[in-house]
Amino acid sequence: MDSEDKSPFGYDAFRRTCPSHTVLEMLASKWVYLVICALRRGRLRNGELARKLEGISPKMLTHTLRVLERDGLVRREIFPVIPPRVEYELTELGQNLAGLLNQIRSWSEQRAPDIKDARARAVAEHEGDLVA
C-alpha cells in the first residue's frame, strides 16, 4: 500500500469493513451533493430548496434533508408561527464539506463539454465496432 493511501485518522476507505464507507455512500448521492452546495450561501426554506434543485421530488428532498441532519451536516430550525416555518442551514461540518463539493461542482461545470465530447466519441467508436 502506498504511504499516501494510509490515513492519519485510523480509517482506510479501501478496506471492506471501514466505517468510512457509509460516509462515502451518503456523499455519492447527487441530491446530497446538490443540497449541500445549495445551502452553502446560507439558510433556505424547503420551498426555496425545491425551486433551486430542479427535478427533485418532495419525498427525495425530505429524505435528503433528514439524512444530512442525522449526519450532522445540516441544522433544521422550526419557527413557532402559523403556518410553521422551517429553515435549513449547514453546520460547521457541512460548511467544511461544502467547500470541497463546490470545487468538484465547478470542475464538472467547466469540464462538461470535454466529457460530453468523449462520450460522443465512445458512442461513435462503438457503432463502428458493430458495423465491422
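Is Glu77 buried, partly exposed or exposed? At 32% relative accessibility, Glu77 is partly exposed, where buried means under 20% relative accessible area, exposed over 50%, and partly exposed in between (1.4 Å probe, protein chains only). The model is predicted: local features need pLDDT of at least 70 and side-chain atom pairs count only at pLDDT 80 or more, whereas totals for chains, interfaces and linings use all residues. Residues are numbered from 1 along each chain as its sequence is written, and side-chain values use heavy atoms, with hydrogens and water left out.

Glu77 takes part in a salt bridge with Arg43, the closest N and O atoms being 2.3 Å apart; a salt bridge is a side-chain nitrogen of Lys or Arg within 4 Å of a carboxyl oxygen of Asp or Glu. This pair links distant parts of the chain, with Arg43 in the loop between α2 and β1 (44–45) and Glu77 in strand β2, 34 residues apart. Helices (H or I, at least four residues) and strands (E, at least two) are DSSP runs, numbered from the N terminus. Arg43 also forms a salt bridge with Glu87, at 2.7 Å between the closest N and O atoms. Because Glu87 lies in strand β3, this second pair ties together parts that are 44 residues apart in sequence. Arg43 is partly exposed, with a relative accessible area of 33%, while Glu87 counts as buried at 15%.

A further salt bridge, between Arg75 and Glu89 (3.1 Å, N to O), links strand β2 to strand β3. Salt bridges that share partners join Arg43, Arg75, Glu77, Arg85, Glu87 and Glu89 into one network.

The two strands are themselves paired: 6 bridges join β2 (residues 74–79) to β3 (residues 85–90) in an antiparallel arrangement, pairing being assigned if DSSP finds at least two bridges between two strands. They form a hairpin with 5 residues between them, and Ile78 has Val86 as its bridge partner in β3.

Attention now turns to the interior. Helix α2 (residues 30–39) is mostly covered, with 8 of its 10 residues buried. Leaving aside neighbours within four places in sequence, Ile36 is in contact (heavy atoms within 4.5 Å) with residues including Leu68, Leu90 and Leu101.
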